[in-house]
Amino acid sequence: MVPDKILTFVFHMLLSALISLLLASPIDTVLTPSYATAAKEELPAGAPVTTVSSMQLQQYGVYNPKALPALVPGIHLPDYGSSMTSSIYVRGFGSRMENPVVGLYMDDFPILDKNSYDLDYLDIASIRFLHGPQGTAYGRNALFGVISVRSEAPDGETMLRAQLEYGLAHHVRAQVSWHQGEHAFSLGYRHSRGWFKNEYKDAWADPYNGGQLRWRWDRSLSDRWQMTNLLQTGISAEGGFAYGLWKDGVQHPVSYNDEGSYRRVTVLEGFKLRYQGEKVQVDGIASLQFLADRMRMDQDYTPRNIFTLQQSQLSPAHTLEVIVRPTRKFAHWKPTSGAFAFFKYNRMEAPVLFKREGIQTLILDNANKGIPEDIGTLDIPDNDFLISSNFDILTWNVALYHESHFPVGGWQFTAGLRLDYEGAKMLYDCTASLHYQLIGMMSSVRPYTDHYRGTLSHGVPVLLPKLAVEYNGFPNTRIYTSATKGYRAGGFNTQIFSDILQNRLMNGMMDDLGVHFDNERVSIGADRTEYKPEEAWNFELGASFHKDGFRADVNAFYITALRQQLTVFPPGMSTGRMMTNAGKSRSYGVEAQVSYNKGGFAAHAAWGWNNARFTEYTDGTVSYAGNRIPYSPEHTLFAALGYNWSKVSLQAHMRGIGPIAWNEQNTLVEPFYVTLGARASVELGRVLLYLEGENLTNTRYKAFYFKSMGNEFFQLGKPISLQLGIQIRII
Amino acid sequence: MKKLIYLISLLGLLACNKNSVPIDYTVGQHYRGSLWVEYNGENYENKDIEVGFTLSEDGKTAEIRLNRIRFVPQMPVTVDTVLPVTVQGTGNSNTYTFSAHNVYPHSPAGVEQQKYLINNLSGMATGTMLNFSLFFGDYPTRFTGSRQ
């Protein structure tokens, strides 16, 4: 089944490339270097926008999303786990699992799977963060913002550039960029020995090897037709999950016995076509996306043989968007209309292997607590047993949206509405087989197998309105206010199925024996593993001012989140937590940015503050209303100073994050911490030499916290890193 | 008077006919009643217990299924159990006597419950009642119930 889908996907990829070639056939090619079809970014009215240029990315050592925190005020992407882990926290909200609260767009192509978010940047022209819900224009998951990444466009010139850097932890990063006419190619490779040692294995826990390829092709086909084709693929093999036990206030080193690894292949083939007619401009944006990954995880993170998880996914997806605008400029009306659709298939296999100690501690010890001695003692003599969980998940979405801007004097009024419908269907097929014996009642072991199969489906329409008012009457100043709504898609709790199977096994074995407990293990069924979309209203007030090399932005927001997707302990679950629409929250705060550039001097500062708290949230046992929402920092702070002489450049920056509540009770809090970074570079003709580093004071901070089997774990932040690099402009 | 005698005779005949209608025990007949278990010299009553009696096709054996029984009050579980018995004889088409000795009961799914060796089981199933007594492991046990 899966190979057929891969073949189908490859066929579509080839077809897309062929269409690109056919459309590119006209002989009279007109290069339009400025054709970086920003089809969507014309839309965000009434919202603060942070733009990080390629120069800033280079200066601040940002080569993947996890180096973005604080640079954009209010955004935090903790660096932990593996590349699969792309938790993003904004304005006090975020998610450790399932759908993100921020949409990611690569040259207008939406990246559908969160597992593909953490990709190294290759020749990025800019990264823009559109703050606040962008639901009307961007739809699903643009709940608290959109990260819009723009890659370097070919400019008609020939350019060949190579870069190589080496640093601590055997960090190697190599990149070759080649622009020729209407094509831009980039090839990148990164290696790291890893930063954290697994003491039990006496090996590095988090090595990384990954490569990426990007091909962008911009072509003006005629006066009216323009196209962009983007092919981006990445492959990586890495360790990860450098989680160390935290006990009695002491952080222990990473120490576990089973494999922790992540392998991933991603492909994005995107095709954009713009028609510029006399009456109308139409942008067509289509993409084919593919994700294949496999994660292996020691789920107990101890040297004991308890349980492991492997999760692999094969997920092809198609997206299509059409945006229509009138070519004619009306005096008081600028409308934009669009239609969007996607289809995504995901074949997920997530077997959980219970090993000998896990059978004893997680299953038998718990079970035997409830079985009277008079009845017997349950034993499962297997050395290990597998709970296999396979899922086929189909997700589709269709949306229609419209935004109209009404400029009147220095004012601009904006109204927009999106009707979004998302449907999903999941086929689950779970099996567990073991042998058991109720010693005292049975004289021999007996095999027991449980099959749990079924289908779930849902479809939810969402209306996403937007109202905004801007005033541009003062020179160099923009004042705005807006009310916008965003949503994060619903879904299925696939990770809870192994717990459901555990409970079914226990109840099934007891049924097999004809024994019923007075306090029978309550277990949720598959029908309760669905969760609905989360929605949020955002009210924004802000202003920006720019003059010469000075720019200042400040904005305040108030957010109220409905049907918030939160993790709870479901009834009867021994180890698992699941996402459910458990609560309501609110957040208010301020974001500010200041930058000043004059001559060779550059200064930049960004600060974000929020007060994000639950207004309703009970995890099944305790109410957390009034407590801070965990994992999201209260403050983000970034400040940089730099000076550029003609050939020499020096720059220093600091990042501050925190405090971060690690649990819903707010009893465990990471205090505000600061890391320092710096870069020095010298230009020698076509050669640029640089030395850069992050966390130069080797600040010890915690990046992530979780509980498993009653144990608490932290992943520490990365220690000091130093890299020496060379960049050569060959042509 | 004649009419009254005729009516009484007719009712008697009808009642006689009802009693003589053969009951198909092979599809399982259900009785509801009380199960007493003697524990520490006291009788513990399981009230409103449903018990099934199913005769084999050849009529030589039967199974008595007891649902959700408890042997002692402090027992935190209830047990479903099936007692395999040998049919001793039949008084008429609707009455069976049965017994069992030194056999293990089993769960409805077929798992032998070796904890509860059955001894000295004897009893009778009729069109209206089911009565039996036995030693359920160490527990003297008896059941009396009416057919549903």
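Two residues are in contact if their C-beta atoms, placed from the backbone, lie within 7 Å.

## Basis of the model

This is a predicted model: local features need pLDDT of at least 70, side-chain atom pairs count only at pLDDT 80 or more, and totals for chains, interfaces and linings use all residues. Residues are numbered from 1 along each chain as its sequence is written, while chains are lettered from A and ligands numbered from 1 in the order in which they are written.

## Chain A overall

Chain A has five helices and 43 strands. Both are DSSP runs, numbered from the N terminus: helices are H or I with at least four residues, strands are E with at least two. The radius of gyration of chain A is 27 Å, close to the 27 Å that the globule rule gives for 731 residues, so chain A is as compact as a globular protein of that length. That radius is taken over C-alpha atoms, and the rule is 2.2 Å times the number of residues to the power 0.38.

Along the principal axes, the C-alpha atoms of chain A fill a box of roughly 85 × 50 × 50 Å. Of its 731 residues, 46% count as buried. A residue is buried if 20 or more other C-beta atoms lie within 10 Å of its own, exposed if 12 or fewer, and partly exposed in between; C-beta atoms are placed from the backbone. Among contacts in chain A with a separation of 6 or more, 69% join residues 24 or more positions apart.

## Helix α4 of chain A

Helix α4(A) covers residues 356–370; at 1.5 Å a residue its 15 residues should span 21 Å, and its end C-alpha atoms are 21 Å apart, which agrees. The expected span is 1.5 Å times one less than the number of residues. A kink of about 40° is centred on A:L364. The bend at a residue is the angle between axes fitted to the seven residues ending there and the seven starting there.

Buried positions in α4(A) are A:G358, A:I359, A:L362, A:I363 and A:A367. Their cover includes β20 (307–326), β22 (352–354), β23 (377–379) and α5 (497–513) of chain A.

## Nonpolar cores

A nonpolar core is a set of buried Ala, Val, Leu, Ile, Met, Phe, Trp, Tyr and Cys residues joined through C-beta atoms within 7 Å. The largest has 94 residues; A:L71, A:V90, A:F93 and A:V102 have the most contacts inside it. Strand β19 (residues 280–298) of chain A gives the largest share of this core, six residues. A second, separate core of 69 residues includes A:A424, A:M579, B:Y25 and B:I69.

Leaving aside neighbours within four places in sequence, A:L71 is in contact with A:V52, A:Y60, A:V62, A:A606 and A:F638.

## Strands in both chains

Two strands pair if DSSP finds at least two bridges between them. In chain A, three strands form an open antiparallel sheet in the order β2-β3-β4. Its edge strands are β2 (75–76) and β4 (93–94), each pairing on one side only. Two bridges join β2(A) to β3 (residues 89–90), with A:H76 partnered by A:Y89.

In chain B, β2 (residues 42–55) and β3 (residues 61–69) pair in the antiparallel sense over five bridges. B:V51 has B:L66 as its bridge partner. The two strands form a hairpin with five residues between them, and B:G59 in the turn has a positive phi of about 75°. Seven bridges join β3(B) to the antiparallel strand β4 (residues 77–89), where B:T61 stands opposite B:T86.
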